[in-house]
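Please look over the sequence and the model shown here before reading on.

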Amino acid sequence: MSEALTPQQLQKAPGTQPGDPKLDLDQIQGDVLIGLQKFFERFVFFAIQDAPAFKAALRQDLAKRITTTREVHQREFDLNALKIQGKRDRLPLIGLNLGFTAEGIGLLVPGADLGDPSFANGAKKQAAALNDPVDGQGNPTTWLAAFLNATIHGVFLVTGGTASAVQEEFDRITGLLGHAISVVYDETGQSRPGLERGHEHFGWLDGVSQPGIKGLSDPFPGQQLLDPGFFVFGYPGPTAAPPLPWMRNGAFMVFRRLQQLVPEFHQFLVTEANDQGMDSVLLGGRLVGRWQSGAPMELTPLQDDSTLGPDPQRNNNFDFADDQGERRCPFGAHIRKTNPRKDIPEQFLDPHRIIRAGIPFGPELSTAEQQGDATEQERGLMFVCYQTSIPEQFEFVQNKWANNPGFVPGKHHPDGTVVSVGFDPIIGQNAGGAPRTTDEPVPNYPTGNVRSTLHEPQNFIVPTAAAYCFVPSIAALENELSA
Ligand code: N7H
């Protein structure tokens, strides 16, 4: 998750090598490649009630208010400068981005085919294929009613450094649109407080690893540098030309509201670690592939190093190539399942990378929840990711990697038997919610003489909503979508 202002982002310099594609930073919405700066992020899902009025507002006012990649990039440097001066003031930093579902695009540009079957189907129809719990008709059983029953045409992402800045922008947008839209679902995610800033609700530092982008990023050691066309249309990458010319500088956004059962997960770590005769903090680290501080197990397998996690020069400088016995990190660890690095050849890895840009939602744990080991108030992650193909990127990672116990294939135990890697213990979903296993939770570093299996009795992440959107360029908002 790139909750903006990660250490990487703050320290990153604009890097363009000769021959790199020239990105149109004024056209690409700001959340796509770098991430809007956000302490608060309001997700405003809406239905268009009056298409001509909506188009008029979009053309005249809204498109100009959208925060671009250039602005986000500039803000990083401004913030970095403040940080260097030791100033920690919260700036308003209002951000606004806008995406449309297939139904929304269909209303604005009738007959438009964006060439992505999952986008066209919509998130609800794709839920069963992701192993979200569904009923006999394929309807998700754990989703919020608004995402099951209502028509959603689009979403505004309203971000800012303060709650009041976000509220002001929300009022401005809804004021401009008047009766042209009705709000279907509205929820604000926010960074966790104090030292937990940048950490998701299970406790881990998030936003540590993102792919670098040619023409934009100066890669840190170990950071893969990819063609921009994997994430934004109209540039070198998997698809030479977008299916429609106005898709240039646009991207697909996947939104998933993922509830996290935090006390239950922590209790599970303690019980399981006890059964396996190990430390629960170490077990958690092996399931994610990083210590809570962000330090990779690959670089420090037996004890945390709190200086490593926030250090972009070191925190991705590993590739699993020298760890074919799961000694440092299990094959099934969340970060190894979702980015297996050198476990698989580059040509099978690159087409499936995503840029993450989520934010936590919900309150901190109450004392009662901590003491009772049971969730009473909902909390979790507003997971957001960007790509140019939903089936090949988000859905592929969730379905073909995290949910697939056979991935990574071709791994062997020291005795020659094949490793059944198991599910991603964080996000893996088994059809019907059946219990899941993952290989080698117990550290076998450095000797490799322990063999163990993790038994997970339940999912600790519950999908509660999803939407597939297209996030157009500024020009498309001003022209084709508002014509
Ligand atoms: Fe994951 N977590 O807290 O355990 N994730 N993730 N994720 N995730 C990552 O590198 C988490 C989810 C990826 O390149 C970290 O930012 C949680 C989904 C990918 O090394 C942590 C949820 C999908 C990476 C978490 C969740 C992914 C990644 C390490 C849900 C895609 C980069 C810190 C509530 C389908 C891997 C970091 C790499 C990293 C957690 C969801 C994918 C701590 C709690 C749905 C590609």
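## A buried leucine

Leu108 is found in helix H5, which covers residues 102–108. The model is a predicted one. With a relative accessible area of 3%, Leu108 is buried, since buried means under 20%.

Leu108 may also be set against Ile426, a residue 318 positions away along the chain. The C-alpha atoms of Leu108 and Ile426 are separated by 38 Å.

## The iron atom and its donor

Which residue provides the protein donor to the iron atom of the ligand? The donor is His334, through its atom NE2, at 2.1 Å. The protein supplies a single donor to this iron atom. His334 is placed in helix H12, which comprises residues 334–338.

## The shell around the ligand

The ligand is surrounded by 28 residues. The closest are Val208, Ser209, His334, Asn339 and Arg341. By class, the shell consists of 15 nonpolar, 7 polar and 6 charged residues.

A polar backbone atom of Val208 is 2.8 Å from a ligand oxygen. From Arg341, a polar side-chain atom lies 2.8 Å from an oxygen atom of the ligand, and for a polar side-chain atom of Arg356 the distance to a ligand oxygen is 2.9 Å. The elements that contribute two or more residues to the shell are strand S7 (251–260), H12, strand S10 (380–387) and helix H15 (394–402).

Helix H15 is one of the elements that give two or more residues to the ligand shell. Of its 9 residues, 7 are buried, so H15 is largely enclosed by the rest of the structure. The buried residues in H15 are Phe394, Glu395, Phe396, Val397, Gln398, Trp401 and Ala402.

The loop between S10 and H15 contains Ser389. Ser389 has a relative accessible area of 18% and is buried, because the term applies under 20%. A polar atom of the Ser389 side chain lies 3.1 Å from the backbone nitrogen of Glu392.

## Aromatic pairs

A search of the whole structure finds 23 aromatic pairs. In one of them, the ring centres of Phe147 and Tyr185 are 5.3 Å apart and the ring planes stand at 70°, so the pair is edge-to-face. Phe147 belongs to helix H8 (residues 145–149) and Tyr185 to strand S4 (residues 181–190), so the pair ties together parts that are 38 residues apart in sequence. Both Phe147 and Tyr185 are buried.

How are the rings of Phe230 and Phe231 arranged? Their centres are 6.3 Å apart and their planes are at 55°, so this pair is tilted. Phe230 is buried, with a relative accessible area of 10%, and Phe231 is buried as well, at 0% relative accessibility.

Phe147 and Tyr185 also take part in one aromatic cluster, which they form with Phe43, Phe45 and Phe255.

How values were computed: Residues are numbered from 1 along each chain as its sequence is written. This is a predicted model: local features need pLDDT of at least 70, side-chain atom pairs count only at pLDDT 80 or more; totals for chains, interfaces and linings use all residues. Side-chain values use heavy atoms; hydrogens and water are left out. Donors are N, O and S atoms within 2.8 Å of the metal (3.2 Å for Na, K and Ca); water is not among the atoms, so sites may look incomplete. Helices (H or I, at least four residues) and strands (E, at least two) are DSSP runs, numbered from the N terminus. A residue is near a molecule or strand if one of its heavy atoms lies within 4 Å of it. A polar contact is a pair of N or O atoms within 3.5 Å; within protein, one must be able to donate a hydrogen and the other to accept it, and residues adjacent in sequence count only if both atoms are side-chain atoms. Ala, Val, Leu, Ile, Met, Phe, Trp, Tyr, Cys and Pro count as nonpolar, Asp, Glu, Lys and Arg as charged, and the others, Gly among them, as polar. Rings of Phe, Tyr and Trp (its six-membered ring) pair if their centres lie within 6.5 Å; planes under 30 degrees apart count as stacked, over 60 as edge-to-face and the rest as tilted. Buried means under 20% relative accessible area, exposed over 50%, partly exposed in between (1.4 Å probe, protein chains only).
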